[in-house]
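Q: I have a model open and would like to go through part of its fold. Could we start with the terms and then take the elements one by one?

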Amino acid sequence: METLTLRPFALSDADDLLSWCDDRVTRNLRWSPLSSKQEALTFIQDVCIPHPWRRSICLSDRSIGFVSIFQESGENQFKAYIGYGVGAEHWNKGVATQAVKTAVAQVFRDIPNLVRLQAHVFVGNTASERVLEKAGFTKEGVFRKYEVIKGEIKDLVVYSFLSPAAHHH
């Protein structure tokens, strides 16, 4: 496999982002498919670049997906959510698993007070569940009728990964 890296998004990723951010990838995300280069540029500039922890998944430095970490605030800042997506042509090749493993290692270094990283997967998205399991996440249970995606109230599977340092407290 080509070298996989995670780096911040740049405006030069617009064409690559446009090529993979389609309805297959966004079906299980809050994102909408991108339909023009201008849309991709605006999305990178207004959403990706200002985001505190959003990385482009790259093969040979070309964007093929993303990983985002959303840290909670106030006294809940010990928790964060992870979200990710990979272009459909790279599905079932271990790319997402490798990206999530890389992100997990980085985020516990980047956010030292992080104790719990959690992922929410819509019931039925078995590929994403496999990614998390292979990346070392623990399945905790199902939240029924928990989150709206594309106008539909869905059941969610909850996964967590606890900080290696958390076991000492």
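Predicted model: local features only at pLDDT ≥ 70, side-chain atom pairs only at ≥ 80, totals over all residues.

Q: How do β4 and β5 run, and how many bridges join them?
A: β4 and β5 run parallel and are joined by 3 bridges. The chain passes from β4 through α4 to β5, and this β-α-β crossover is right-handed.

Q: Which residue of β5 is the bridge partner of Y81?
A: The partner of Y81 is Q118. Q118 also has a bridge partner in β7, namely S160.

Q: And how many bridges are there between β5 and β7?
A: There are 7 bridges between β5 and β7, and these two strands run antiparallel.

Q: Changing topic: which residues of α5 are buried?
A: In helix α5, residues 126-134, the buried ones are S128, E129, V131 and L132. They lie on the same side of α5, because they cover an arc of only 155 degrees around the axis.

Q: What covers them?
A: The cover of the buried α5 residues includes the strands β4 (79-86), β5 (116-122), β6 (138-149) and β7 (152-162), together with α4 (95-110).

Q: Which residue with a positive phi follows α5?
A: That residue is G136, with a phi near 95 degrees.

Note on methods:
Residues numbered from 1 in each chain as written. Heavy atoms only, no water. Buried < 20%, exposed > 50% of the residue type's maximum accessible area, 1.4 Å probe, protein only. Helix = DSSP H or I, 4+ residues; strand = E, 2+ residues; numbered from the N terminus. Arc of directions from axis to C-beta. Contact = heavy atoms within 4.5 Å. Pairing = 2+ DSSP bridges. Right-handed = clockwise from strand over helix to strand, strands pointing away.
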